[in-house]
Amino acid sequence: MAKYLLLKHYRGAPAAVNDVPMTQWAPEEVTAHVAYMNAFADRLRESGEFVDGQALAPQGEWVRYDGEGRPPVTDGPFAETKDLIAGWMVIDVDGHERAVELAGELSAAPGAGGKPIHEWLELRPFLTSSHTITE
Amino acid sequence: MRELVPAVIGVLVRRGADFAAAEDAVQDALVEALRTWPADPPKDPLAWLVTVAWRRFVDAARADAARRRREDLIERQPAPGPANTADDDLHLYFLCAHPSLSASSAVALTLRAVGGLTTRQIAAAYLVPEATMAQRISRAKRTVSGVRFDRPGDVATVLRVLYLVFNEGYSGDVDLSAEAIRLTRQLAAGYDHPEVSGLLALMLLHHARRASRTGPGGELVPLAAQDRSRWDTALIAEGVAILQAALARDRLGEFQAQAAIAALHADAPTAAETDWVQILEWYDELAGLTDSPVVRLNRAVAVGEVDGPRAGLAALAALDDSLPRYTAVAAYLRERAGELDTAARLYAEAADRAPHLAERDHLIRQAARLNAR
């Protein structure tokens with residue numbers, strides 16, 4: 001009934017509690033982390049709340065229109081950016097409270113030492129085009 | 001054929017079939033009907049579907065040894081025959097809106113079982129993957145699978161679910177507002193309650209004005225600026241007649257009061273001739289019935305029209321400013337009071353908080369209009 005975007009950041013989010021870069025985790029810790037995320041997505045498929053989710057590569061670039069008949073200007077892949085998105089998941093839930101609950105669950109994915117990362121996830125409601133009657 | 005689905009499911013469930021099994025059996029029967037009807041159309045399609053679906057259900061139940069106990073139950077049931085369709089439909093409405101279901105599950109199950117829509121159609125209307133909607137529906141079915149049909153449910157829950165469907169509007173190939181009206185008409189035909197009539201009247205009155213509510217580019221057109229010649233007068237007349245009959249029974253409820261307000265808007269030949277005094281009276285009634293903050297917000301608008309923008313702002317001051325659309329109402333009243341700079345700032349703020357695209361764009365345009373003066 002209400003769609004939300006869960007955004008996971010490479011950087012730009014406030015620091016996680018268990019803030020160890022993934023490259024310094026043990027391999028089985030990485031496996032456990034990925035398994036947690038997949039199980040989370042599967043649970044949402046099962047509950048009928050999953051819409052879509054993808055991981056994004058860190059290599060982004062900026063692109064801009066540069067005038068009639070000219071190729072677009074690109075900047076990057078090393079453009080200055082304070083915010084880098086690692087992936088996203090779209091959920092369709094009954095309301096904001098449920099969306100926060102699920103984001104909290106996803107943020108509890110295990111990291112270094114098998115302990116939850118407590119990372120910050122960005123939660124954004126979708127603007128819809130449905131016309132709720134308000135007159 | 002789709003119209004017959006709820007009736008057939010209803011008959012099977014009344015005879016003791018599990019809800020999910022009944023639905024499977026009806027789907028099988030529909031497939032069979034598609035295959036054989038073109039060459040050999042039945043005299044009574046409903047009876048045909050009931051007979052075939054019942055046979056399928058019994059076959060499936062027999063094939064399952066673990067279901068022997070239920071088989072015994074089946075043996076004791078009367079043979080297929082004429083059914084009390086209205087009653088069976090009604091029970092299905094109550095089952096699909098069962099309080100144990102979340103709002104979105106209740107909506108999905110209602111569209112599937114009472115509305116007879118396919119999972120794909122429902123998924124498209126809600127812009128979610130078909131697999132997601134299939135899960136939602138099958139979970140909902142599991143949730144209600146143990147619920148017996150012997151007690152009438154809460155009509156308020158059923159009406160809430162139907163109103164949710166109505167407010168979704170449309171996307172894809174299914175017009176959910178029209179579907180909600182169809183289902184509510186069906187409910188009203190089998191269930192005598194003034195609030196059911198109230199909801200039906202409310203839907204018809206809103207639906208009658210739908211074409212004028214958006215401009216050619218999909219932009220929102222506020223009530224005062226709508227082209228009233230595009231309102232569907234036949235639907236308005238029907239809505240008003242249904243409402244009057246309901247009000248005459250003197251069992252006022254929330255939907256009748258909302259419909260009364262919609263009727264007063266629909267009745268005004270021009271925006272300036274709107275009977276705001278009566279509308280305000282109805283908002284007072286409605287506030288007494290629901291105590292909803294959204295109602296009090298709308299009431300503040302009516303106060304603004306009756307006693308002027310200052311009075312409207314005073315009514316608004318009593319409310320929580322985090323309410324959806326609070327800032328939009330404040331912007332409108334400030335503009336009417338001549339505080340244009342404040343109004344422009346509030347319109348921009350309201351745009352940031354708008355829950356829908358069309359509404360956000362509308363509020364941005366209002367802010368831009370004041371800023372460009």
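## Chat about the sheet in chain A

Reader: Hi! How many bridges pair strand S2 with S5(A), and in which sense do they run?

Author: Strand S2 (residues 50–55) of chain A pairs with S5(A) over five bridges, in the antiparallel sense. Strands here are DSSP runs (E, at least two residues), and two strands pair if DSSP finds at least two bridges between them. This is a predicted model, where local features need pLDDT of at least 70, side-chain atom pairs count only at pLDDT 80 or more, and totals for chains, interfaces and linings use all residues. Residues are numbered from 1 along each chain as written, chains are lettered from A and ligands numbered from 1 in written order, and side-chain values use heavy atoms, without hydrogens or water.

Reader: Nice. Which residues face each other there?

Author: Asp52(A) has Val90(A) as its bridge partner in S5(A), and Phe50(A) stands opposite Ile91(A).

Reader: And what joins S5(A) to S1?

Author: Nine bridges, with strand S1 (residues 2–11) of chain A running antiparallel to S5(A). One of the pairs is His9(A) with Ile85(A).

Reader: What's the strand order of the sheet?

Author: The sheet is open, with four strands ordered S2-S5-S1-S6 (chain A) and paired antiparallel. S2 and strand S6 (122–125) are at the edges with a single partner strand each, so one side of each has no neighbour in the sheet.

Reader: Is S5(A) largely enclosed or open, and why?

Author: Largely enclosed by the rest of the structure, because eight of its 10 residues (84–93) are buried, meaning under 20% relative accessible area with a 1.4 Å probe, protein chains only.

Reader: Switching to chain B, what does UniProt annotate on residues 2–64?

Author: The unreviewed UniProt entry gives "domain: RNA polymerase sigma-70 region" for residues 2–64 of chain B; such annotations may be inferred rather than shown by experiment.

How values were computed:
Buried means under 20% relative accessible area, exposed over 50%, partly exposed in between (1.4 Å probe, protein chains only).
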